[in-house]
Amino acid sequence: MTARVQSVPFDLGAELAGFGAGAGAGAGAGAVVSFSGLVRDEDGRLVALEIEHYPGMTEKALQAYGEQAAQRFGLTGWRIIHRFGRLEVGEQIMMVATAARHRKAAFEAAEYLMDWLKSRAPFWKREIGPDGPGDWVEAKAEDEDALSRW
Amino acid sequence: MALDVLYFAWLRERIGQPRERVETQARTVRELVAELAAMDEWHAAALADLTPVRIAVDQELADLDASLEGVREVAFFPPMTGG
């Protein structure tokens with residue numbers, strides 16, 4: 001049941017191993033689902049992303065969305081990690097992991113969390129190309145629409 | 001009352017600073033926006049079209065009609081692009 005916001009990388013394997021043992025199996029779960037997001041190169045256009053956030057609000061928002069997901073889907077545990085600062089192409093930006101007794105709830109909770117994180121967690125991405133900082137990434141209408149299904 | 005006003009992403013760049021402390025009589029976010037926009041041309045330009053502007057009041061998402069009573073911090077930023 002943790003949300004972390006950090007600039008340093010995280011070890012996805014170690015996070016999932018710890019999560020699976022504790023919030024998963026240790027709490028009676030039979031299913032763990034995880035998602036991790038990576039910095040795409042956009043067909044060679046980007047070398048990195050700069051991610052800005054709202055210190056204080058970000059942590060509160062992630063905690064709140066995690067708790068909402070836990071209640072709604074009956075999770076035995078959840079973990080959210082989201083990075084900020086400059087992230088090179090191929091680096092992990094974030095991860096969510098959810099644990100539940102059965103897989104359907106774990107899958108749905110992971111999608112629910114991702115939909116909320118995309119449009120309601122205070123992060124902003126800026127593209128960095130070979131020549132330096134470029135445009136701020138624009139929010140997609142489809143991400144906003146995805147929230148309406150919940 | 002005194003309020004901390006925060007800006008993020010391109011709003012921060014257009015206004016030219018990440019935060020400022022303002023003395024205001026505004027009762028709602030809408031009234032605060034009007035006061036800020038009257039400060040100088042940068043504020044005016046950044047806040048001219050509020051369609052792409054999102055608002056947080058004391059670190060909770062809010063709208064233009066949100067009350068500022070007892071509030072300490074208001075933030076303006078573009079639509080979020082996390083994940």
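**Confidence**

What you have here is a predicted model. It scores ipTM 0.95 and pTM 0.95. For chain B, the mean pLDDT is 97, and 100% of its residues reach 70 or more.

**The fold of chain A**

Chain A contains four helices and eight strands. The C-alpha trace of chain A spans about 50 × 35 × 30 Å along its principal axes. How does its radius of gyration sit with that of a compact globule? A compact globule of 150 residues would come out near 15 Å, and chain A has 16 Å, so the two agree.

Of the 150 residues in chain A, 38% count as buried. Take the contacts in chain A between residues at least 6 apart in sequence: 79% of them join residues at least 24 apart.

**Helix 2 of chain A**

Helix 2 runs over residues 57–73 of chain A. Its 17 residues should span 24 Å at 1.5 Å a residue, and its end C-alpha atoms are 24 Å apart, so expectation and model agree. Several residues of this helix are buried, including A:M57, A:L62, A:Y65 and A:A69. Just after the helix, A:G74 takes a positive phi of about 65°.

**Where the chains meet**

In total, 21 residues of chain A are in contact with 14 residues of chain B. Helix 2, helix 3 (103–120) and strand 7 (123–129) of chain A each supply at least two residues to the side that touches chain B. Which element gives the largest share of that side? Helix 3 of chain A does, with five residues. Sorted by class, the side of chain A that touches chain B has 12 nonpolar, four polar and five charged residues.

Nonpolar side chains in soluble globular proteins tend to be buried together. In this model the largest nonpolar core has 61 residues, and A:A109, A:L113 and B:F8 touch the most other members. Helix 3 of chain A gives the most to this core, with nine residues. Beyond its neighbours up to four places away in sequence, A:A109 touches A:A69, A:F73, A:L75, A:W78, A:T98 and A:A100.

**Two residues side by side**

A:G20 belongs to helix 1 (residues 12–24) of chain A, while B:V57 lies in strand 3 (residues 54–57) of chain B.

Leaving out residues up to four places away in sequence, A:G20 is in contact with A:A25 and A:V32. On the same terms, B:V57 touches B:V29, B:A62, B:A66, B:V71 and B:V74. The table gives one C-alpha pair for each residue.

| Pair | Separation along the chain | C-alpha distance |
|---|---|---|
| A:G20 and A:V32 | 12 residues | 6.6 Å |
| B:V57 and B:V74 | 17 residues | 4.6 Å |

Conventions: Residues are numbered from 1 along each chain as its sequence is written. Chains are lettered from A and ligands numbered from 1 in the order in which they are written. This is a predicted model: local features need pLDDT of at least 70, side-chain atom pairs count only at pLDDT 80 or more; totals for chains, interfaces and linings use all residues. Two residues are in contact if their C-beta atoms, placed from the backbone, lie within 7 Å. Ala, Val, Leu, Ile, Met, Phe, Trp, Tyr, Cys and Pro count as nonpolar, Asp, Glu, Lys and Arg as charged, and the others, Gly among them, as polar. The radius of gyration is taken over C-alpha atoms; the globule rule is 2.2 Å times the number of residues to the power 0.38. A residue is buried if 20 or more other C-beta atoms lie within 10 Å of its own, exposed if 12 or fewer, and partly exposed in between; C-beta atoms are placed from the backbone. A nonpolar core is a set of buried Ala, Val, Leu, Ile, Met, Phe, Trp, Tyr and Cys residues joined through C-beta atoms within 7 Å. pLDDT is the predictor's confidence in each residue, from 0 to 100. The expected span of a helix is 1.5 Å times one less than its number of residues.
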